[in-house]
Amino acid sequence: MDEILDGLTQIDCDILVIGGGTAGPMAALKAKRKNPEANVVLLDKANVKRSGAISMGMDGLNNSVIPGYATPEQYTKEITIANDGICDQAAVYRYAQECYGIIQELDEFGIRFQKDQNGEYDVKKVHHIGTYVLPMPNGDTVKKALYRQLRKARINIINRFMATRLLTGEGRVAGAICVNTRTAEFLVVRAKAVIMGLGAAGRLGLPTSGYLYGTYENASNSGEGYAMAYHAGAGLANLECYQINPLIKDYNGPACAYVAGPMGGYTANAKGERFIECDYWSGQMMQEFFDELQGGKGPVYLKLNHLAEETIAEIERVLHIVERPTRGHFHEGRGTDYRKQMIEMHISEIGFCSGHSASGVFVDEHARTTIPGLYAAGDMANVPHNYMLGAFTNGAFAGLDAADFINDVDYASFDEGEVEAERTRVLAPTKREDGIPPNQIEYKTRRLVNDYLQPPKVTAKMELAQQRFEEVREDMETGMYARDAHELMRALEASTILDCAEMAASASMFRTESRWGLYHNRVEYERDDDNWFCHTILTKGADGQPVHKKQDVKPYVVEIAEDEKDAYYKQRVDPSSVAAE
Amino acid sequence: MPLAQTATTVPVVVDDDLCIADKGCTVCVDVCPLDVLRIAVKDDGTKTAYMKYDECWYCMPCEADCPTDAVTVNLPYLLK
Ligand SMILES: Cc1cc2nc3c(=O)[nH]c(=O)nc-3n(C[C@H](O)[C@H](O)[C@H](O)COP(=O)(O)OP(=O)(O)OC[C@H]3O[C@@H](n4cnc5c(N)ncnc54)[C@H](O)[C@@H]3O)c2cc1C
Ligand code: SF4
Ligand code: SF4
């Protein structure tokens, strides 16, 4: 294994789904059910059985809209406010209307959701305004349940192939070029429609631990979705709205206010005082976190040590078993116990992920990108605050729409030269006698991301970042060296990460205002609704560099009253009320 | 530029006595999202799984899915 082989195979399918994590499997299932004759291929860099963010399971649905607890109108309003108004509501509203149906389907797959004594869904309030968090007591079974459905539906699964570039022709998508991660052999997949669910750009900033894989996101999500869409000419929206999360320091996993919050846990400063009213992740909340640290009141902690033994045992039962089960080992190794100590948190490195913020490949309410036949869903598409249920639901929309799209088209022809050019690009690091290993290219890129792009954003620093990225690119293109197929996968990821870093800098430079709290805090500029109440769309220019344009926010479906617009900026706890805690 | 031989510890440990790679098992290698595990031939000619690349998300499918409980996932040294 890992020896580099020379090979190229071409296959045809009706619908190619890239990424078998969360959105991808649901897209494949929906497409196949709607169009049973269609040949649906689900391709993943890892193994669909255990790939993606939900590899081990999930603690709950963070953003469910369940009748009796919330309405689609309320949810759409909340997400619009959390995104400082920059939101095409149609996609959020459709999600809010249809996600309950997806919950019922997941229930039928055998994934259980918490119910109260009356058999009603036991939804918890974590968000600033509404109630949307639904725990999953057997959240560790999600991936298995999905996999069973994929087998049953006879979806063709291809594991351990990494997609590197999309093919286009006749003004629409034509397929994708993929590389085997264990042999470096090529697979060209012709398809009438392509659905992308490649997850977040999780290896963009460098974790403070210095460990390249010590990320919040599943570290196999290195951002190919964004890079592939970019190189194919699709539009990417609001990339300057970074993902930055409040995490357990060093472990870099979620502190999980979503689990602990409803049971009485909260984010506290060094004195153990609550300083934010709401632990739901948003740029405005992260700004308060940042301010607390700047004000010398840190470190910031997850506080549970005031809770009763049975509550803590229950929290441990969830947090140490389901989503990130090594979390218990981590606390044990540190000698930290929720009963005795508060748990130190920190501000994460940056990434792209609409699952938690808003940036990504631009899509509409059908998960269509700006390229006909090309869809995107989940963390890489720009529907804000997607989370897991958003990945499932928007994945479903993509699958349903693609199932119709393929009825009216044949394969688009593409330029064979593109495949040859991609082979040359991909294999270049294997043709050298020695050189710079991918891990050093990656480390340097990500270290520069931390040094120059981590907010607060400063123009002169971002300009330096752009210069340094150019130097790294030169080194990468002339000197990167891979000894086997596995290292070649890392080399391809290093190039993706550099693409994403350049997009992050460029998008942040374009929007000359501050917005979304810490996510796009540009210290030289105030928020400027007159000039910047709009999306920014990044595409690849003729010279190969990013170009930007402003795009209007579509008229709202659900109106937001003037006095509600800034609700997410009212996070700070009134100091006089703390004593009563 | 020539390469160095800098050493690094890996977080995942396989108990050779429990591992049944010799009987054809490759479960942990198959499920790992980061694809960092491989099967090695030991001095006595039998096979065992091991961590080949220090690129671990400490996520645990390898440990959870191993049929003989041969895998232990520790935290990578840099962040433990
Ligand atoms: C630690 C953690 C905890 C979370 N907790 C919660 C929670 O409690 N509740 C909640 O609602 N949400 C939670 N989320 C968010 C939620 O899990 C994600 O939003 C959702 O799973 C994203 O789905 P996705 O399909 O976009 O990406 P993923 O499920 O990550 O899938 C991406 C897939 O793409 C594949 N891939 C990547 N690159 C390539 C390539 N080049 N070629 C081929 N395949 C590729 C990957 O292998 C992977 O299978 C959490 C996320 C994380 C990381
Ligand atoms: S899954 Fe367990 S038994 Fe199988 S190869 Fe891996 S360590 Fe050995
Ligand atoms: S913990 Fe996860 S990344 Fe590490 S070896 Fe096991 S499966 Fe692979």
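Predicted model: local features only at pLDDT ≥ 70, side-chain atom pairs only at ≥ 80, totals over all residues.
Chain B holds 2 helices and 4 strands. Read from the N terminus, its elements come in the order β-α-β-β-α-β. The C-alpha trace of chain B spans about 40 × 30 × 20 Å along its principal axes.

Around ligand 2 you'll find Val14(B), Cys19(B), Ile20(B), Cys25(B), Val27(B), Cys28(B), Ala49(B), Cys66(B), Pro67(B), Thr68(B), Ala70(B) and Val71(B). By class, that shell has 11 nonpolar residues, 1 polar residue and no charged ones. Ligand 3 is surrounded by 14 residues, and the closest are Cys32(B), Cys56(B), Cys59(B), Met60(B) and Cys62(B). The shell around ligand 3 has 14 nonpolar residues, with no polar and no charged ones.

## Where B meets A

How much area do chain B and chain A bury between them? The figure is about 3100 Å², with 56% of it on carbon and sulfur atoms. Three residues of chain B, namely Leu3(B), Trp57(B) and Tyr58(B), supply 22% of the area that chain B buries against chain A, more than any other three residues. In terms of contacts, 30 residues of chain B touch 43 residues of chain A.

## Strand pairing in chain A

Now to chain A. Strand E1 (residues 8-18) of chain A has parallel partners that include E8(A) and E2(A).

| Pair | Sense | Bridges |
|---|---|---|
| E1(A) and E8(A) | parallel | 10 bridges |
| E1(A) and E2(A) | parallel | 4 bridges |
| E11(A) and E12(A) | antiparallel | 3 bridges |
| E9(A) and E14(A) | antiparallel | 2 bridges |

For specific residues, Ile18(A) stands opposite Met196(A) in E8(A), and Ile15(A) is opposite Val40(A) in E2(A).

One has the order E10-E13-E12-E11 in chain A. Its edge strands are E10 (246-248) and E11 (266-268) of chain A, each pairing on one side only. From one strand to the next, the twist averages 45°. Within this sheet, Thr267(A) stands opposite Leu302(A) in E12(A). Helix H7 (residues 283-294) of chain A lies across E10 and strand E13 (343-347) of chain A, and runs at about 110° to E13(A).

The other open sheet has the order E14-E9-E16-E17 in chain A. Strands E14 (360-361) and E17 (546-552) of chain A are the edges, since each pairs on one side only. Strand E9 spans residues 236-237 of chain A, and Leu236(A) has Val361(A) as its bridge partner in E14(A).

## Helices on that sheet, and on each other

H5(A) lies across E9, E14, E16 (534-540) and E17 of chain A, running at about 75° to E16(A). H14(A) touches E9, E16 and E17 of chain A, and its direction makes about 50° with that of E17(A).

These helices also meet each other. The axes of H5 (residues 224-232) and H14 (residues 485-510), both in chain A, come within 9 Å and cross at roughly 70°. So H5(A) is roughly perpendicular to H14(A). From H5(A), the contact involves Glu224(A), Tyr226(A), Ala227(A), Tyr230(A) and His231(A). H14(A) answers with Leu492(A), Glu493(A), Thr496(A), Asp499(A), Cys500(A) and Met503(A). By class, that's 6 nonpolar, 2 polar and 3 charged residues.

How do the axes of H1(A) and H3(A) cross? For H1 (residues 23-34) and H3 (residues 89-109) of chain A, the angle is roughly 90°, and the axes come within 14 Å. That makes H1(A) roughly perpendicular to H3(A). Met26(A), Leu29(A), Lys30(A) and Arg33(A) on the H1(A) side meet Ile102(A), Glu105(A), Leu106(A) and Phe109(A) on the H3(A) side. This contact splits into 5 nonpolar and 3 charged residues, with no polar ones.

Methods: Residues numbered from 1 in each chain as written. Chains lettered and ligands numbered in written order. Heavy atoms only, no water. Axes fitted to C-alpha atoms, helices over the stretch in contact; angles between N-to-C directions. Parallel < 35°, antiparallel > 145°, perpendicular 65-115°, else oblique. Contact = heavy atoms within 4.5 Å. Nonpolar A, V, L, I, M, F, W, Y, C, P; charged D, E, K, R; others polar. Near = heavy atom within 4 Å. Pairing = 2+ DSSP bridges. Buried area = accessible area lost by both parts, 1.4 Å probe.
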